[in-house]
Amino acid sequence: MAGGARQFVTVDGAFPLHRGGVLSRPTIAYETWGEPNRARDNAVLVFTGLSPSAHAASSPEDPAPGWWEEVIGPGRPIDTRRFFVICVNSLGSCFGSTGPASRNPETGEIYRRSFPVLSLEDVARGGQEVLRHLGVESLYATVGPSMGGMTALAFEILFPGRSEGLMIISSATRSLPFATALRSLQREMIRRDRNWKEGDYTPGALPLTGMRLARKLGMITYRSAEEWRGRFGRERSCEECETGDPFAHSFEIEAYLEHHANKFTGQFDPNCYLYLSRASDLFDVADHGASVEAGLARIQSKRVCVIGVATDILYPLHQQQELAEQLQQPGREVQFVELPSIQGHDSFLVDMDNFRPAIAAFFSR
């Protein structure tokens, strides 16, 4: 089975969404690494955070480093010599899957705000469409970091018994008010940009100021004060000296945020960002039962690993502890791993010294 390069599956007919509305023949982008074994029980399904594409790792077909390059590949924690790895680009994103930046096949017009309300349940069903297309009926494990962890929970609830294992990283059963407030402010920053124009912006006049500010706030929530204290301290930049502007960036931390904001803008569609951000806030396991516990009771995975980071302010460690406790049941092996990473929520992307062993332990079974 060929893999590596980005591939697509188009859903036949109508695709009803969780909170109402219908998409016509949506496309889901995905990438694969490795090969199915003879028993076809070695597949690993990976859901992403809000902004990554399906390109989680490099391959001969696409040698560019992936967002989880040090985790997926030959000899790595998710070893593609053993596992058939499938990473799905979220429905609603702008990296090949149908989203607000796509054309509606019924009208020929770009969806923009006519795109229906998006839920992570819809993203999970997009993953199921990829599995159906590939002929994969059972999974060794479903994996999701951050927003992808919520999507993985939705997948396990909607399609119980498909996956033998489940790994949730820096995620939760639902967003706490603090995280929702932060994302709400990010969305407002974009929507208040005069170029947003109720979502009807043009490629030549994007709401870049709103996106830059939203990204800066995002970066503040993704990392930790502890990391920045040691990394930047009170180091100064020289922009103020060069421009004479008393309000120019004077500190290295300001330059760092500016760099990441400029890098992000132009790469991610603003409307797609709004829809996926809102979907993260709307997700609640309790929607699938009378309580969170009732919703989680639908999950049938026999092995579960929940990983959390002590410095994560977006999804605090106690949320992972609670999730691990709530998933405990007879006959299920549940492991909770607390990592001392100082990079906050983004640790799963950058602190490989801590994350590689934790992930490898789960996949070495």
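This is a predicted model: local features need pLDDT of at least 70, side-chain atom pairs count only at pLDDT 80 or more; totals for chains, interfaces and linings use all residues.
How much space lies in the second largest pocket? The answer is about 340 Å³.

Helices α3 and α8 each supply at least two lining residues, and α8 gives the most, with five.

What kinds of residues are these? Sorted by class, the lining of the second largest pocket holds eight nonpolar, two polar and four charged residues.

## The largest pocket

Now turn to the largest pocket, where the space comes to about 930 Å³. It is lined by 34 residues, and Ser 51, Pro 52, Arg 215, Asp 346 and Leu 349 are the closest to its centre. The elements that give two or more residues to this lining are α3 (177-192), α4 (208-222), α7 (252-264), α8 (270-282) and α11 (347-350).

The lining of the largest pocket contains 17 nonpolar residues, along with 11 polar and six charged ones.

## A cavity inside

Searching the whole structure turns up one cavity of 30 Å³ or more. The largest cavity has a volume of about 40 Å³.

You can find its lining in the structure above: Pro 36, Arg 40, Asp 41, Asn 42, Ala 43, Phe 84, Gly 135, Val 136, Glu 137 and Ser 138. By class, the lining of the largest cavity divides into four nonpolar, three polar and three charged residues.

Note on methods:
Residues are numbered from 1 along each chain as its sequence is written. Side-chain values use heavy atoms; hydrogens and water are left out. On a 1 Å grid over the protein atoms alone, a cavity is a set of points where a 1.4 Å probe fits but cannot get out, and a pocket is an open set with protein on both sides within 12 Å along at least five of seven lines; lining residues have an atom within 4 Å of a point. Grid points are joined across faces, edges and corners, and a volume is the space filled by probe spheres set on the points. Helices (H or I, at least four residues) and strands (E, at least two) are DSSP runs, numbered from the N terminus. Ala, Val, Leu, Ile, Met, Phe, Trp, Tyr, Cys and Pro count as nonpolar, Asp, Glu, Lys and Arg as charged, and the others, Gly among them, as polar.
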